[in-house]
Amino acid sequence: MRYSKLLIPTLKEMPAEAEVISHTLMLRAGMIRKLAAGIYSLLPLGLSVTKKVEDIIREEMNRAGAQEVLLPAVQPAKLWKESGRWEEYGKELLRFKDRHERDFCFGPTHEEVITDLISKEVRSYRQLPLNLYQIQTKFRDEIRPRFGVMRGREFIMKDAYSFDCDEKGAEKSYKKMYDAYCRIFERCGLKFKAVEAETGVIGGSFSHEFMVLADSGEEGIIFCNSCNYAVNIDRAEIRIEEKRDEGKNKEEMKEIKKVSTPGMKTVEEVSKYLKVRPQDLVKTLIFETENGIIAALVRGDHQINETKLKNFLDCTILVLAGDETVREVTGAPSGFAGPIDLNISIFADHGVKGMHNFITGANETDAHNINVNIGRDFEINGYGDIRNVKEDDKCPRCGKDINIRRGVEVGHIFKLGTKYSQMFRATYLDSTGEERFIIMGCYGIGVGRTIAAAIEQNHDENGIIWPMSIAPFQVLILPLNTNDTTVMETSENIYNSLIDNNMDVVIDDRDERPGVKFKDADLIGIPLQIIIGLRNLKEGNIEIKIRRNGEEIGRAHV
Ligand code: ATP
Ligand code: MG
């Protein structure tokens, strides 16, 4: 390809709309442009990387025995009503009507379509197992599209669905996908962790998220260096050894006292002001749920995990109460809430259990209570594991140290069981002629998100540094003196011979200053640069440079 003919609209300035580095660099390198919130056009460089990632996915899916299909993006509401998700999915599902006023949606995922298809096409155990996949555009009307293609509304996903006769087969299919995913992300040059997203009671875990490690990741993950425990922070169990202050447990309950804490709302402010440790405080957080308002208590140095709290309360709606509700329930503004004399249910984290003579808000402006005690001053309606894991927590499996990192969820594999096959009566006849439900699994990879995650892990202050496997081009030829015939002839010769050797190569044939070319070269991140300049060429030399470390790997003689 010739740079001069390609649409690569690089930007010098930092785009104001971008919050993470991958988004900034994809815009600056001219890979994508925004059409509307969460909706992007892929320009030639963006599309080229997309195709590379898709090819890797295709190769590994095919190798794992999956077959490619292409299902419609527009789906009739009828299927979604059958599965119950027409109601359940909420506003993320983009719905519309055709000219006959019939309801449709733009597919955010394809369990309904594929299970309906299989229910009609598969009759016998002889047709199983099956794994069908597609690489296709999805639409999810995300509440907060952000970070460019990382969380778009329209995005490309590889989704696969497996169909098996029995549990054993389904587990085998799952394992095959797990292995294929590892190979895919390894081949994309990513540092990732497969974390348990849900632990099955029997036979281990059946949902894994593939997380690319990056500080900008939206997900918290924890993993143990000593054993293979690796989970999403929302699922991470706390090792319950609340031995804290054992001596203090024997301590007498002291007289409760109200103290003035003018303007001190946060744990940090209050503990500093009262000259105590944050862990001597108990935080009272008020939440609204579909079953009413509740209070949740955690130790001052702990953070509530809303997903864990939601699971513990078995509710679907959980929102931190606004100032008005907090005032109604506690009689005080946020920051001074406490558990005493509340007319709502109070739940507490296990970490609060052994605490004595602690500090809470006094449900009064500018006041806290000290020497508060459970049982004497208020009752707890239930204890649960509702806080985030901290750096100093130990692995719940083996008790050793853990790591807490951030990650971008690029893939998700899931054992579905018979959830959808029952809804759509996807059955088969076994070898004895008995009708059974097909056992399913589903497996997703976000293509755009994988690309963004790759940039999060591979960049420097000058731009993107593509892993060779997914680079839009493998080699960039940089002739520095475009009016010099020897420079141009040599460049063209090298360009042609690389093409003859099936390399992906682009030549920067633009009539631009070397400085401009170098800047763009580093920004778009092609892994190998071949620099051809008049001075070197006079001595028969060209320069070959690795983008990643700027290292010159050799001066080839021509
Ligand atoms: P998230 O929790 O990030 O919203 P999800 O659990 O909804 O993800 P899945 O339904 O498991 O995602 O979809 C499979 C894959 O599709 C994800 O692992 C991710 O890589 C990708 N994906 C999901 N939503 C988006 C989005 N809005 N933009 C880009 N990629 C997405
Ligand atoms: Mg989602």
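Visitor: Is Asp460 buried, partly exposed or exposed?

Guide: This is a predicted model, so take what follows as computed from it. The relative accessible area of Asp460 is 21%. Buried would need a value under 20% and exposed one over 50%, so Asp460 comes out as partly exposed.

Visitor: Which residue does Asp460 meet in a salt bridge?

Guide: The N to O distance in that bridge is 2.8 Å, and the cut-off is 4 Å.

Visitor: How many residues apart are Arg547 and Asp460?

Guide: The pair links distant parts of the chain. Asp460 is in strand 25 (residues 459-460), while Arg547 is in the loop between strand 30 (541-546) and strand 31 (552-557). That puts the two 87 residues apart.

Visitor: What about Asp55 and Arg58: why are they about one helical turn apart?

Guide: Their side chains meet in a salt bridge at 3.8 Å, N to O. Both residues belong to helix 2 (residues 44-63). They are about one helical turn apart because their separation in that helix is 3 residues.

Visitor: And how do Asp55 and Arg58 count: buried, partly exposed or exposed?

Guide: Asp55 has a relative accessible area of 39%, and Arg58 has 24%. Buried needs under 20% and exposed over 50%. So Asp55 is partly exposed, and Arg58 is also partly exposed.

Visitor: In the salt bridge of Arg277 and Asp280, which residue is buried?

Guide: These side chains meet at 3.1 Å, N to O. Arg277 has 37% relative accessibility, so Arg277 counts as partly exposed. With a relative accessible area of 12%, the buried residue is Asp280.

Visitor: How many salt bridges does the count come to?

Guide: Some of them join up into a network that links Glu59, Glu60, Arg63, Arg183 and Arg187. Side chains of opposite charge can pair when their charged atoms come close. With nitrogen-to-oxygen pairs taken within 4 Å, the count of salt bridges is 40.

Visitor: On to the rings. What kind of aromatic pair do Trp80 and Tyr89 make?

Guide: A pair of aromatic rings is described by the distance of the centres and the angle of the planes. Both Trp80 and Tyr89 are buried. Their ring centres are 5.5 Å apart and their planes are at 80°, so the pair is edge-to-face.

Visitor: How about Phe106 and Phe139: how many residues apart are they?

Guide: This aromatic pair is edge-to-face, with 6.2 Å centre to centre and 65° between the planes. Phe106 sits in strand 6 (residues 103-106) and Phe139 in strand 7 (residues 130-139), so the pair links distant parts of the chain, 33 residues apart.

Visitor: Are Phe106 and Phe139 buried or exposed?

Guide: Phe106 has 19% relative accessibility, and the value for Phe139 is 8%. The limit for buried is under 20%. So Phe106 counts as buried, and Phe139 is likewise buried.

Visitor: How many aromatic pairs does the structure hold?

Guide: Ring pairs also link Tyr178, Tyr181, Phe185, Phe192 and Phe210 into a cluster. Across the structure, the number of aromatic pairs is 11.

Visitor: Which residue lies over the face of Phe223?

Guide: One charge-over-ring case is Lys545, which lies over the face of Phe518 at 6.0 Å from the ring centre. For Phe223, the distance from the ring centre is 4.4 Å, and the residue is Lys193.

Visitor: Which side chains make polar contacts with that of His110?

Guide: His110 is in the loop between strand 6 and helix 5 (111-121). At 0% relative accessibility, His110 counts as buried. One polar contact, of 3.4 Å, is with the side chain of Gln134, and another, of 3.1 Å, is with that of Lys138.

Visitor: Last one: which residue has a polar side-chain atom 2.9 Å from an oxygen atom of ligand 1?

Guide: Ligand 1 is surrounded by 14 residues, with Glu142, Arg151, Gly152, Glu409 and Val410 the closest. A nitrogen atom of the ligand is 2.8 Å from a polar backbone atom of Gly152. The side-chain atom at 2.9 Å from a ligand oxygen belongs to Arg449.

Notes
Residues are numbered from 1 along each chain as its sequence is written. Chains are lettered from A and ligands numbered from 1 in the order in which they are written. This is a predicted model: local features need pLDDT of at least 70, side-chain atom pairs count only at pLDDT 80 or more; totals for chains, interfaces and linings use all residues. Side-chain values use heavy atoms; hydrogens and water are left out. Helices (H or I, at least four residues) and strands (E, at least two) are DSSP runs, numbered from the N terminus. Buried means under 20% relative accessible area, exposed over 50%, partly exposed in between (1.4 Å probe, protein chains only). Rings of Phe, Tyr and Trp (its six-membered ring) pair if their centres lie within 6.5 Å; planes under 30 degrees apart count as stacked, over 60 as edge-to-face and the rest as tilted. A charge sits over a ring if NZ of Lys or CZ of Arg is within 6 Å of the ring centre and within 35 degrees of the ring normal. A polar contact is a pair of N or O atoms within 3.5 Å; within protein, one must be able to donate a hydrogen and the other to accept it, and residues adjacent in sequence count only if both atoms are side-chain atoms. A residue is near a molecule or strand if one of its heavy atoms lies within 4 Å of it.
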